[in-house]
Amino acid sequence: MRRYEVVFVLAPRLSEEEVKQAVETFSGAAEEKGATVLNIDEVGKRRLAYPIKKFNEGIYVVLLLEEEAGAAVAELERRFRVTDTVIRFLTIRIDQHLKRADKFKDRREARKARRALAREAKPAEPRPAAATEE
Amino acid sequence: MARRRKYCKFCADKVDYIDYKDIKTLSQYTPERAKVLPRRISGVCAPHQRKLTMAIKRARHLALLPFAGD
């Protein structure tokens, strides 16, 4: 299962309902293609660091999806490119990052545990724990 | 020119993922002119610097951070 984080920015002149509608359309499209929408975060209007399409503000929305192999993401991107109200978008694959982050965390915990155990051992110098762990 | 002694703040805080959305942290590594701080100034370690740079560039793409500033 791949996890993706999709961020898109909408033109600031949209009304509340238009924004809701757009978010519905996009998340619906993703689900149609077999993705599970894990979270939707409507961050709201923000100042842009530089003008995009002459706008100085934008409405940011973040989608978290999970699916097998990217059909939904491809569809979403296709739609983003076509839709005029979407002025920026970015898709990121995060399952690898999360996996790696977890791996580091696990390694660290394991190292800590090993050291704690070694300390409890009597003055006889314990062999450096050759515990092979993945 | 601050010559930070040794340590990488990310390593110290044990951060594993540098989020491009976290512009508060990101902007600490982008001084005026919106450039990315070099490692010898910020003291960041190599793997974190790479992640940091990528996060900054993503943030710039999404107009969360500027490309050039004043």
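This is a predicted model: local features need pLDDT of at least 70, side-chain atom pairs count only at pLDDT 80 or more; totals for chains, interfaces and linings use all residues.
**View 1. The fold of chain A, which has three helices and four strands.**
Read along the sequence, the elements of chain A follow the pattern β-α-β-β-α-β-α. Of the 134 residues in chain A, buried residues make up 37%. When contacts in chain A between residues at least 6 apart in sequence are considered, 70% of them join residues at least 24 apart.

**View 2. The contact between chain A and chain B, to which chain A gives 21 residues and chain B gives 15 residues.**
Between them the two chains bury about 1600 Å², and 63% of this area lies on carbon and sulfur atoms. Tyr50(A), Leu90(A) and Arg108(A) supply 29% of the area that chain A buries against chain B, which is more than any other three residues supply.

On the side of chain A that touches chain B, at least two residues each come from strand E1 (2-10), strand E2 (36-52), strand E3 (55-67), strand E4 (86-93) and helix H3 (95-120) of chain A. The largest share of this side, six residues, is supplied by E2(A). Sorted by class, the side of chain A that touches chain B holds 14 nonpolar, one polar and six charged residues.

**View 3. An aromatic pair within chain A, formed by Phe26(A) and Phe80(A), and the cluster that includes both rings.**
Over all chains, the count comes to six aromatic pairs. The ring centres of Phe26(A) and Phe80(A) are 4.7 Å apart and the ring planes stand at 65°, so this pair is edge-to-face. The pair links distant parts of the chain, with Phe26(A) in helix H1 of chain A and Phe80(A) in helix H2 (residues 71-82) of chain A, 54 residues apart. Phe26(A) counts as buried at 5% relative accessibility, and Phe80(A) counts as buried at 1% relative accessibility. One aromatic cluster is formed by Phe8(A), Phe26(A), Phe80(A) and Phe89(A).

The centres of the two rings, Tyr50(A) and Phe67(B), are 5.2 Å apart and their planes are at 50°, so the pair is tilted. Tyr50(A) is buried, with a relative accessible area of 15%, whereas Phe67(B) counts as partly exposed at 48% relative accessibility. Tyr50(A) is also one of the three residues that together supply 29% of the area that chain A buries against chain B.

**View 4. Ser27(A), a residue in helix H1 of chain A.**
With a relative accessibility of 10%, Ser27(A) counts as buried. Not counting residues up to four places away in sequence, Ser27(A) touches Val37(A) and Ile40(A). Ser27(A) and Ser15(A) are 12 residues apart in sequence, and their C-alpha atoms are 18 Å apart in space.

**View 5. Lys33(A), placed in the loop between helix H1 (16-32) and E2 of chain A.**
The relative accessible area of Lys33(A) is 43%, and the residue is therefore partly exposed. Leaving aside neighbours within four places in sequence, Lys33(A) is in contact with Glu67(A), Ala71(A), Ala72(A) and Glu75(A). Between Lys33(A) and Glu18(A), which are 15 residues apart in sequence, the distance from C-alpha to C-alpha is 23 Å.

**View 6. Gln49(B), found in helix H4 of chain B.**
Gln49(B) has a relative accessible area of 11% and is buried. Not counting residues up to four places away in sequence, Gln49(B) touches Val36(B), Leu37(B), Pro38(B), Arg39(B), Ser42(B) and Val44(B).

Key: Residues are numbered from 1 along each chain as its sequence is written. Chains are lettered from A and ligands numbered from 1 in the order in which they are written. Side-chain values use heavy atoms; hydrogens and water are left out. Contact means heavy atoms within 4.5 Å. Buried area is the accessible area (1.4 Å probe) that two parts lose on being put together, summed over both. Ala, Val, Leu, Ile, Met, Phe, Trp, Tyr, Cys and Pro count as nonpolar, Asp, Glu, Lys and Arg as charged, and the others, Gly among them, as polar. Buried means under 20% relative accessible area, exposed over 50%, partly exposed in between (1.4 Å probe, protein chains only). Rings of Phe, Tyr and Trp (its six-membered ring) pair if their centres lie within 6.5 Å; planes under 30 degrees apart count as stacked, over 60 as edge-to-face and the rest as tilted.
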